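Here is a protein chain to work through by question and answer.

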Amino acid sequence: MKIVYIILGCIGLGLGALGAVLPLLPAFPFLMLAAFCFAKSSKRLHNWFIGTKLYKNNLESFVRGRGMTIKTKLRIILIVTLTMSIGFFMMGKVPIGRIILVAVWVMHLFIFAFAIKTLHPEQEPVLPSSSTEETERDAA
């Protein structure tokens, strides 16, 4: 079962990395999949993944229960809205499909508006610098 989690984690990581660059592919759910699968498969893979910039920029504050910045929330909402609108227009002859998509979209907006805490810019986590000069100065 570990190998299945590793494969799914790598697929999630690859799609999440693409989603961080491509505007129509959402990164967040794929990175959550990668985090879950790596945590289930290998401590070493999980530790590596949570140390990446991709994880820290997209998931860290959410996973720690602090929430998301408004910029992250809006980016995710915009991408999901664009993606779902394509499906909505392609289902012109499937009214029940359109109803389901609208219901899912409204629930998505509700969750992001009320269930996930919004971080203000001063609450954003500051990533530590890897500069040895700063480390030496802090140690002194």
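Q: Which helix gives the largest share of the nonpolar patch?
A: The model is predicted. The patch is made of Met1, Ile3, Val4, Ile7, Leu8, Ile11, Leu15, Leu18, Val21, Leu22 and Leu33, and together they have about 990 Å² of accessible area. The largest share is 8 residues, and these come from helix 1 (residues 2-21).

Q: Is Val4 buried, partly exposed or exposed?
A: Val4 sits in helix 1 and belongs to the nonpolar patch on the surface. Buried needs under 20% relative accessible area, and exposed needs over 50%. Val4 has 39% relative accessibility, so Val4 counts as partly exposed.

Q: How many helices and how many strands does the protein chain have?
A: Read along the sequence, the pattern is α-α-α-α-α-β-α-α-β-α. That makes 8 helices and 2 strands.

Q: What percentage of the 140 residues of the protein chain counts as buried?
A: The accessible surface of the protein chain comes to about 9500 Å², and 70% of that belongs to carbon and sulfur atoms. Among contacts between residues at least 6 apart in sequence, 59% join residues at least 24 apart. Of the 140 residues, the share that counts as buried is 26%.

Q: How far apart are the end C-alpha atoms of helix 2?
A: Helix 2 covers residues 28-41 and has 14 residues. At 1.5 Å a residue, helix 2 should span 20 Å. The end C-alpha atoms agree with that, because their separation is 20 Å.

Q: What covers the buried residues of helix 2?
A: The buried residues in helix 2 are Phe28, Leu31, Ala34, Ala35, Cys37, Phe38 and Ser41. Their cover includes helix 1, helix 3 (43-50), helix 4 (53-58), helix 5 (60-63), strand 1 (68-69) and helix 6.

Q: Which residue has its backbone nitrogen 3.1 Å from a polar atom of the side chain of Ser42?
A: Ser42 is in the loop between helix 2 and helix 3. Ser42 and Ile3 are 39 residues apart in sequence, yet 9.6 Å apart in space, C-alpha to C-alpha. The backbone nitrogen that lies 3.1 Å from a polar atom of the Ser42 side chain belongs to Leu45.

Q: Is Leu59 buried or exposed?
A: Leu59 is in the loop between helix 4 and helix 5. Leaving aside neighbours within four places in sequence, Leu59 is in contact with Phe28, Leu31, Met32, Ala35 and Phe49. Buried means under 20% relative accessible area. Leu59 has 0%, so Leu59 is buried.

Q: What distance separates the C-alpha atoms of Leu59 and Met32?
A: Met32 is one of the contacts of Leu59. The two residues are 27 residues apart along the chain. Their C-alpha atoms are separated by 7.4 Å.

Definitions and conventions
Residues are numbered from 1 along each chain as its sequence is written. This is a predicted model: local features need pLDDT of at least 70, side-chain atom pairs count only at pLDDT 80 or more; totals for chains, interfaces and linings use all residues. Side-chain values use heavy atoms; hydrogens and water are left out. Patches are made of residues with over 30% relative accessible area and no salt bridge: like charges are joined within 9 Å, nonpolar side chains (Val, Leu, Ile, Met, Phe, Trp, Tyr) within 5 Å. Accessible areas come from the Shrake-Rupley method with a 1.4 Å probe; for residues, only the protein chains shown count as cover. A salt bridge is a side-chain nitrogen of Lys or Arg within 4 Å of a carboxyl oxygen of Asp or Glu. Helices (H or I, at least four residues) and strands (E, at least two) are DSSP runs, numbered from the N terminus. Buried means under 20% relative accessible area, exposed over 50%, partly exposed in between (1.4 Å probe, protein chains only). The expected span of a helix is 1.5 Å times one less than its number of residues. Contact means heavy atoms within 4.5 Å. A polar contact is a pair of N or O atoms within 3.5 Å; within protein, one must be able to donate a hydrogen and the other to accept it, and residues adjacent in sequence count only if both atoms are side-chain atoms.
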